[in-house]
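Hi everyone, thanks for coming. Let me put the model on the screen, and then we'll walk through a few parts of it together.

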Amino acid sequence: MKTHLHHYLLVFVSLLVFFSCKKDEDGLEPVVETVLIEAESSTTLVFSGNLISTKNTGVQDLGFIYSHDAKPDEKNGVKISLGSKVKSGAFNTTVKNLRLNEDFGYPRTVYGMAYVKHKKGTTFGNVLKLTMPMPAISRISPAAAKSGDVVKISGKFNHPQLAEVRVLFEDNSAKVISATDTEISVEVPSGLKTIHGMQAKVTVLIGDIPAIKYLTILANILDYSPKEGPMGSILTITGENMLNSYRQETDINQFTILFGNRQPYFLVGNTMRIQVPSGISGKVPLSVSYHGQTINLPEFTVYAPKIKEMTSEPVFPGSRLKVDIENYELLNGPAEDAPKVRLGDGAYIPINYHGRNNYFFPVPGNIKPGTYDLTLKLGSLELHGSSRITVKPFFVTGFSPASGGPGTVINIEGTFEKDRFYLVNFGEIKDGAVAQSATHLQIAVPYSTFVGKVKLSVNIQENLFTAPGEFEITRRQ
């Protein structure tokens, strides 16, 4: 009987101990620690934790929670779940492409903690704080560039991934070529509104974290039109980020344009326009140099100029000689580029524009009668007329009547240029008239003359041609 009683007593005690131990085990909750939060880059975080016990606790989830709030929780933080298949001990995870906000002014402080979810609830580890590393730009090289150029942005960028790097020039996205901890290579984009010589804001974004620097934007000379034409043609040069206006003494001096080795004339205005200089022909290379760089543009074809037509009849000293020039436009440039003409070995004389392709120049008054070659000078280019120019002499052979009072019309005979104005001397008194023909000049005796005999002479290019004999001025009627 005692034996059976002792047996039942042992069973009861054993059951009591068992259920007591199980109750204690069921009451245990897992302990989790937040060991470390560190930044691998401006957008990559590494979280490390430690799970102390999982025995008989029914762990359902394990991970981390982070946010800007000093007290992160599941409502205001970002949750990183590692799942329920966990073991006691260390655990960690890496978060890439971190974007906590889009507001550049928001503090870059991150708070994070480990958590473990089990059948009795959720246990949180200690909260750790981390200030994210900020990207910083030290310089952009070169300091001035045009669209399409590749610039190198130097600084500290905290080992970014290429895919998470963005670069903005003002509001325009740029092509990022490479990115390292200390240098980002990027292509200056097209479409910027900044004009030549002005600065554009350059924003490097690592995730949503900005770093800002400024770059001087240069004009990007791309093309011009037309591509062919005569001397004096006006070309318009086009490109991106050009100036809004061009002034002769300031903005134009920023650009050096060459046709071969000749500089053109700039036309002031709101576009870059130039005039093809004289003295060149055929295919000529065109280049634009500015800010230490040279842009080579397509060749321009200059039509060969030629003398199309010129005065064929004999001319007098001091008369006008007509020259028509083909493939030539009037130049606005320096005086040395203006068209000039000479007869024989005489000095070059500027010719006057009369209309499209039409020019006139005065035959020198002191030139001797004879036959001369005509040479047209266009810059350094000389053209020769297809025929020769005959200069005929002036003669004053006589006059009629031999006498008369003031108002009397005198017919002076000689060689004249019809419709040309001549100055006639009545002794010391001068008056003028227009030749009615190539052989006659009619003029009335001036009322300011005095009674008596005077010599009649015609003033031509400061030379006096005196008629034989004397004219007698009689008393007024």
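Let's start with an open sheet of three strands, ordered 37-45-42, with mixed pairing. Strands here are DSSP runs of E with at least two residues, numbered from the N terminus, and two of them pair if DSSP finds at least two bridges between them. Strand 37 (403-404) and strand 42 (452-454) are the edges, each pairing on one side only. Strand 37 runs parallel to strand 45 (residues 471-473), with two bridges between them; Ser403 has Glu472 in strand 45 as its bridge partner.

A quick word on the source: this is a predicted model, where local features need pLDDT of at least 70 and side-chain atom pairs pLDDT 80 or more, while totals for chains, interfaces and linings use all residues. Numbering runs from 1 along each chain as its sequence is written, and side-chain values use heavy atoms, without hydrogens and water.

Now, which residues have the most contacts inside the largest nonpolar core? They are Ile221, Phe255, Phe259, Met272, Leu343 and Leu374, in a core of 49 residues. By core I mean buried Ala, Val, Leu, Ile, Met, Phe, Trp, Tyr and Cys residues joined through side-chain atoms within 4.5 Å, where buried is under 20% relative accessible area with a 1.4 Å probe, protein chains only. Apart from this core lies another, of 23 residues, including Ile137, Val165, Val176 and Ile184.

Back to Ile221: beyond its neighbours within four places in sequence, its contacts (heavy atoms within 4.5 Å) include Ile237, Met242, Met272, Val288 and Tyr290.

Methods. Helices (H or I, at least four residues) and strands (E, at least two) are DSSP runs, numbered from the N terminus. Buried means under 20% relative accessible area, exposed over 50%, partly exposed in between (1.4 Å probe, protein chains only).
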